[in-house]
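The following exercises concern the pocket and the ligand of the structure shown below. Each task is followed by a worked solution.

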Amino acid sequence: MRILVLNGPNLNMLGIREPDIYGKSTYADLIKMIGDYCESKGIEVVCKQSNHEGTLVDYIQQAYFEKMDGIIINPGAYTHTSVALLDALKAVQIPTVEVHISDVDSREEFRQISYVSLYAYKTIKGMGFDGYIEAVDSISDIITRAEDK
Ligand code: DQA
């Protein structure tokens with residue numbers, strides 16, 4: 001099983017950006033945590049981050065050509081604005097789980113809409129970095145169930 005973990009704008013600034021909301025751990029800590037967990041589960045994982053919407057679209061398209069089995073995405077602020085990311089996910093038809101570190105539902109009104117959630121099987125919010133672990137478990141269940149069919 002091979003999955004892509006895609007993080008959008010400003011997530012490379014974890015540990016520096018608004019630590020009261022996103023915590024003090026860094027993006028490198030996050031990637032290490034995801035890598036270690038996936039290794040323990042025998043899942044091959046590729047982690048990518050970009051601050052640019054088009055690059056994120058390119059990464060989603062590459063996942064199709066590289067035959068990735070699943071995508072975990074935290075689109076950052078593009079969650080709330082990007083039809084392009086939604087369309088890219090719809091185009092590649094790869095099972096996707098959306099993650100947000102913070103509880104977007106209890107924040108500003110403009111964070112209440114997510115275009116990506118119109119495609120994602122599941123959206124995990126407000127669990128901090130643990131949300132990515134939950135997302136790995138969810139995506140591997142979704143992929144395994146699809147393979148069993
Ligand atoms: C975020 C929530 C978004 O509203 C915000 O723009 C982010 C991070 C989260 O992980 O909680 O950049 O996706």
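**Exercise 1.** State the volume of the largest pocket and characterise its lining.

*Solution.* Step 1: the largest pocket has a volume of about 160 Å³. Here a pocket is an open set of points on a 1 Å grid over the protein atoms alone, where a 1.4 Å probe fits, with protein on both sides within 12 Å along at least five of seven lines. Step 2: 15 residues line this pocket, and Arg17, Tyr22, Gly76, Ala77 and Arg111 lie nearest its centre. Step 3: the lining comprises 6 nonpolar, 6 polar and 3 charged residues.

The model is predicted: local features need pLDDT of at least 70, side-chain atom pairs count only at pLDDT 80 or more, and totals for chains, interfaces and linings use all residues. Residues are numbered from 1 along each chain as its sequence is written, and side-chain values use heavy atoms, without hydrogens and water.

**Exercise 2.** Locate the ligand and identify its polar contacts (pairs of N or O atoms within 3.5 Å).

*Solution.* Step 1: the ligand takes the space of the largest pocket. Step 2: oxygen atoms of the ligand lie 2.8 Å from a polar side-chain atom of Arg111, 2.8 Å from a polar backbone atom of Ile101, and 3.1 Å from a side-chain N or O atom of Arg17.

Technical notes
Polar contact = N/O pair within 3.5 Å; in protein donor to acceptor, adjacent residues only side chain to side chain. 1 Å grid on protein atoms, 1.4 Å probe; cavity = no way out; pocket = protein on both sides within 12 Å on 5 of 7 lines; lining within 4 Å. Sits in = over half its atoms within 2 Å of the grid points. Points joined across faces, edges and corners; volume = space filled by probe spheres on them. Nonpolar A, V, L, I, M, F, W, Y, C, P; charged D, E, K, R; others polar.
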